[in-house]
Amino acid sequence: MREKILNYLENHASVSLDELAVLIGEDEESVKAEVKAMEAENIISGYTTLINWEKLGVEKVTAMIEVRVTPQHGMGFDRIAKLIYSYPEVSSVYLISGSCDLMVTIEGKTLREVSSFVTEKLSTLESVISTQTNFILKKYKDHGIVMAEEKKDNREMMT
Amino acid sequence: MRDPLSKTIKDIKPSGIRKFFDVARTMEGAVSLGVGEPDFDTPWRIRSEGIYSLENGRTFYTSNTGLIELRQEISKYLARKYDIHYDADDEIMVTIGGSEAIDVALRAMLDPGDEVLIPQPSYVSYVPCTILAGGVPVIINLKEEDEFRLKSKDLEEKITDKTKILVLPYPNNPTGAIMEKKDLEEMAEVIKKHDLFVLTDEIYSELTYKEKHVTIASLPGMKERTVYINGFSKAFAMTGWRLGYACAPKVILKQMLKIHQFAIMCAPTTSQYAAIEALKNCDDEVAAMKEEYNERRRFLVHEFKDMGLPCFEPFGAFYIFPCIKKFGMSSEEFVNRLLQEEKVAVVPGTAFGDSGEGFIRISYAYSLDDLKIALDRIRKFVAKF
């Protein structure tokens, strides 16, 4: 049942739990209990809302920053990752394979805000060797949801 | 001037599904639960194969029976999914949707006066296609207390020495009924006893929500008596690609192929290339769509129960068929008033045969959000009585 609940919640976080129970064909009380348990166990780590700020006319700047770092003895990348993710303007930090070590996503109100975070906070960290900042120009699809187009019912009536 | 038309065609009524929707279309704020096709777009990987085939200039006819690669994939798919085994060389033919296959099969098998047993409520084309093929349609009225499954007693009652074919329209449009293995075994006995043939229309076979779908063609001694029809429209959300197929014993298929050859030539080439991808690599996409239909199905069953509208639980296709008898109106009246007063368009059960009287067909090939809006309105409507 856990997997059924999570599969649905992953894309429909705002569903009420009694409705969720109907949709997946399970008993309401057990669904509620399972969700509560999974929240306590941090299997469900949080609920977020995917917002198309652009439509509201609110300016936001997002950058994906490739960061190369020197891993530290005994802690690998964990300490430096923590030094970075502790800033509230950082929305995600991933350790990745490839040409850099950490992929850091930063959200700010303006270009200047983001770039000053990179130059003043990120680049100055002791173990950071280099950074490469990629500003996001347009979001086509985010979290599995297509942002760039409207869906319309084009079906015609026939037999 | 002489009458340019044939008597046969003039006597055939046009389909009754669409008439409410012409009204709904012009009505501000109307919502429709009427469309009988998936609301999903064709999975992208299928579409991209279609595009790729065009880029590569695959714009010629294929062989009459369809691309051999596609027939081989159909053969593998049917074996893997439903445990039926058809030879890609001479037992499978690719058609313009399941609907062409129905027409061609009836024309290939009927002589004037042969009777065709058609359980109703069911899809609208079996009766006219039978008449156009010179056959005589004999209706078997299905009952709600049987969950609209065909029962051997009702079948045997209608068998005469002229009966040749039984149409098996399951999973069923418009009722959402299915036939499970035990139901089919009961049928198979009667069919063999009376030396009948079966035309099984399994276009909704991917959309069942109980046990795994079973086809009558997989039962002992039935393959040689069965024309098996399926297609890509419902399972892969490919209605507009117009692609289906028929599988039958060689002796039958060979004659069906003649009709197809002279009337159609071959199914659309682009669609055939796209369909290969559908069969090979789209199990996950199909499963995801099915799960979403199932969520909506559970939601509707729950809602109708909650508003006191009696409805047997449908386990197939994407339709639910609630009973509206307690309101003392005919289906058509109910549907008309629902449209006028609450602006929800549904289809009266009678569009699928007289035994659909007292029922309405609701399609859940709509997003959950749309269904919620429509169901709120239906709830308001039934609360008036």
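**Entry 1: chain B, overall**

I looked up burial in chain B first. Buried residues account for 48% of its 385 residues. I note here that the model is predicted.

Next I checked the radius of gyration of chain B. The value is 21 Å, and a compact globule of 385 residues would have one near 21 Å, so the two agree. I also took the extents of the C-alpha trace. Along the principal axes, chain B spans about 60 × 60 × 55 Å.

I then asked how chain B is connected. I took the contacts between residues at least 6 apart in sequence, and 76% of these join residues at least 24 apart. For secondary structure I find 13 helices and 12 strands in chain B.

**Entry 2: the sheet of chain B**

I traced a sheet of 7 strands in chain B. It is open, its pairing is mixed, and the order reads β2-β8-β7-β6-β5-β3-β4. Which strands stand at the edges? I find β2 (92–95) and β4 (136–141) of chain B there, each pairing on one side only. From one strand to the next, the twist averages 20 degrees.

I picked one pair inside this sheet. Strand β5 (residues 163–168) of chain B runs parallel to strand β6 (residues 197–201) of chain B, and 4 bridges join them. I looked up B:Val167 in particular. Its bridge partner in β6(B) is B:Leu199.

Then I looked for a helix on this sheet. Helix α5 (residues 97–109) of chain B packs there. I list the strands of chain B that helix α5 touches: β2, β3 (115–120), β5, β6, β7 (226–231) and β8 (244–247). The direction of helix α5 makes about 35 degrees with that of β8(B).

**Entry 3: chain A, domains**

I moved to chain A. The domain assignment gives domain 1 (2–40) and domain 2 (53–138). How far apart are the C-alpha centres of domain 1 and domain 2 of chain A? I read 34 Å.

**Entry 4: the sheet of chain A**

I followed an open sheet of 4 strands in chain A. The order is β2-β3-β1-β4, with antiparallel pairing. At the edges I find β2 (90–95) and β4 of chain A; each has a single partner strand, so one side of each is left without a neighbour in the sheet. Direction ignored, neighbouring strands of this sheet are turned by 20 degrees against each other on average.

Strand β3 (residues 102–108) of chain A runs antiparallel to β2(A), with 5 bridges joining the two. Within this pair, A:Val93 stands opposite A:Val104 in β3(A).

Two helices came up on this sheet. Helix α5 (residues 78–85) of chain A touches β1, β2 and β3 of chain A, and its direction makes about 165 degrees with that of β2(A). Helix α6 (residues 111–122) of chain A touches β1, β3 and β4 of chain A, and its direction makes about 15 degrees with that of β1(A).

Strand β1 (residues 61–69) of chain A and β4(A) pair in the antiparallel sense over 7 bridges. Here A:Arg68 stands opposite A:Ser130 in β4(A). How many of the 8 residues of strand β4 (residues 128–135) of chain A are buried? I count 0, so I noted this strand as hardly covered.

**Entry 5: where the chains meet**

I finished with the contacts between the chains. 8 residues of chain A are in contact with 12 residues of chain B. The side of chain A that touches chain B has 5 nonpolar, 2 polar and 1 charged residues.

Note on methods
Residues are numbered from 1 along each chain as its sequence is written. Chains are lettered from A and ligands numbered from 1 in the order in which they are written. This is a predicted model: local features need pLDDT of at least 70, side-chain atom pairs count only at pLDDT 80 or more; totals for chains, interfaces and linings use all residues. A residue is buried if 20 or more other C-beta atoms lie within 10 Å of its own, exposed if 12 or fewer, and partly exposed in between; C-beta atoms are placed from the backbone. Two strands pair if DSSP finds at least two bridges between them. The radius of gyration is taken over C-alpha atoms; the globule rule is 2.2 Å times the number of residues to the power 0.38. Two residues are in contact if their C-beta atoms, placed from the backbone, lie within 7 Å. Domain bounds come from an automatic or database domain assignment. Ala, Val, Leu, Ile, Met, Phe, Trp, Tyr, Cys and Pro count as nonpolar, Asp, Glu, Lys and Arg as charged, and the others, Gly among them, as polar. Axes are lines fitted to C-alpha atoms, for helices over the stretch in contact, and angles run from 0 to 180 degrees between N-to-C directions.
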